[in-house]
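Below is a short briefing for a reader who wants the fold of one chain and its contact with a partner chain set out with the criteria behind each term. Please look over the sequence and the structure first.

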There are 2 protein chains.
Amino acid sequence: MSRSNPRVLSTLERAGGFASAQEIYRLMQREGESIGLTTVYRSLQSLVNDKIVDVLRRDDGEAIYRLCGDAHHHHLVCKGCGDTVEIEGGAIEKWAKVMAEEHGFREVGHTAEIFGLCSKC
Amino acid sequence: MSRSNPRVLSTLERAGGFASAQEIYRLMQREGESIGLTTVYRSLQSLVNDKIVDVLRRDDGEAIYRLCGDAHHHHLVCKGCGDTVEIEGGAIEKWAKVMAEEHGFREVGHTAEIFGLCSKC
DNA sequence: ATGGGAATGAAAATCATTTTCATTTGTGCT
DNA sequence: AGCACAAATGAAAATGATTTTCATTCCCAT
């Protein structure tokens, strides 16, 4: 298994903590960094595994990565401008737990995301 | 511009109102319907334009379509055997609505999925 | 029948992402 | 230093969904 290349994380930070793999790659190229696209993808995967970055999807399906806070949270994403708000999911945690128990599931995790149009769009 | 092929919509309904373009295509093939993948994509696009169906994204980025306003359900998926249980998400609906309103979002939808290990695994 | 626009679908093009695999780099050991 | 072995790297090929192209077929009003 591979470890994350630190330059990838630092580029993601510089990009405003919000970019696709391809964008990070192009950004590094433009700045004269020598790196392969493969390594960018691998590093991002590893950062996601380590829960250092979050992965979302653009409307066109391209994956976008961004630094995430430490607390477990969910997202409210605008379909128009892509603006994202981190929100609390207390209700979800409970719901997931109850549903899982009800069906005899163990080691449960969950995903939940809300999307719509923000006030500006 | 092209119009939606009615058989595509009817297949989407039959699929539980929740399927990807590829799945709809395979389903129609399996049932002996003669249709091209291109037409499936075009029909879905047109249905989305007409707001008859909604488009979401799977975790892997594949687009999934579902009938608008359809009472939708969520999934409890086993990480071990892939077994899936359909569950109610009343708590989620409420949570999504409240959170969206709180941040001034309109036309909101959401995705939520629980995963873990089922009793057999 | 016939002319034209819409619908169709096979095949090629696109694009993000993953896989393969040979090469390079790093690290610990003697 | 020299050696061995694991991890990291990246170019190129493979994959898979989606879109585009384009020639053909269908349908409908004249």
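How much area do chain B and chain A bury between them, and what percentage of it is on carbon and sulfur atoms? Chain B and chain A bury about 3200 Å², of which 65% is on carbon and sulfur atoms, buried area being the accessible area (1.4 Å probe) that two parts lose on being put together, summed over both. This is a predicted model, in which local features need pLDDT of at least 70 and side-chain atom pairs count only at pLDDT 80 or more, while totals for chains, interfaces and linings use all residues. Residues are numbered from 1 along each chain as its sequence is written, chains are lettered from A and ligands numbered from 1 in the order in which they are written, and side-chain values use heavy atoms, with hydrogens and water left out.

**Fold of chain A**

- Chain A holds four helices and six strands, where helices (H or I, at least four residues) and strands (E, at least two) are DSSP runs, numbered from the N terminus.
- Read from the N terminus on, the elements of chain A follow the order α-β-α-α-β-β-β-β-α-β.
- The C-alpha atoms of chain A fill a box of roughly 55 × 40 × 25 Å, taken along the principal axes.

**The three-stranded sheet of chain A**

- Three strands of chain A form an open sheet in the order S1-S3-S2, with antiparallel pairing, and two strands pair if DSSP finds at least two bridges between them.
- Strand S1 (19–20) and strand S2 (53–57) of chain A stand at the edges with a single partner strand each, so one side of each is left without a neighbour in the sheet.
- Two bridges join S1(A) to strand S3 (residues 63–67) of chain A, and Ser20(A) stands opposite Ile64(A) in S3(A).
- Helix H3 (residues 37–49) of chain A packs on the sheet by touching S2 and S3 of chain A, and its direction makes about 110° with that of S2(A); contact means heavy atoms within 4.5 Å, and axes are lines fitted to C-alpha atoms, for helices over the stretch in contact, with angles from 0 to 180 degrees between N-to-C directions.

**The interface of chain B and chain A**

- The contact takes 39 residues from chain B and 38 residues from chain A.
- Strand S6 (residues 106–117) of chain A and S6(B) pair in the antiparallel sense over nine bridges, with Ala112(A) opposite Ala112(B).
- Between chain B and chain A the count is zero salt bridges (a side-chain nitrogen of Lys or Arg within 4 Å of a carboxyl oxygen of Asp or Glu).
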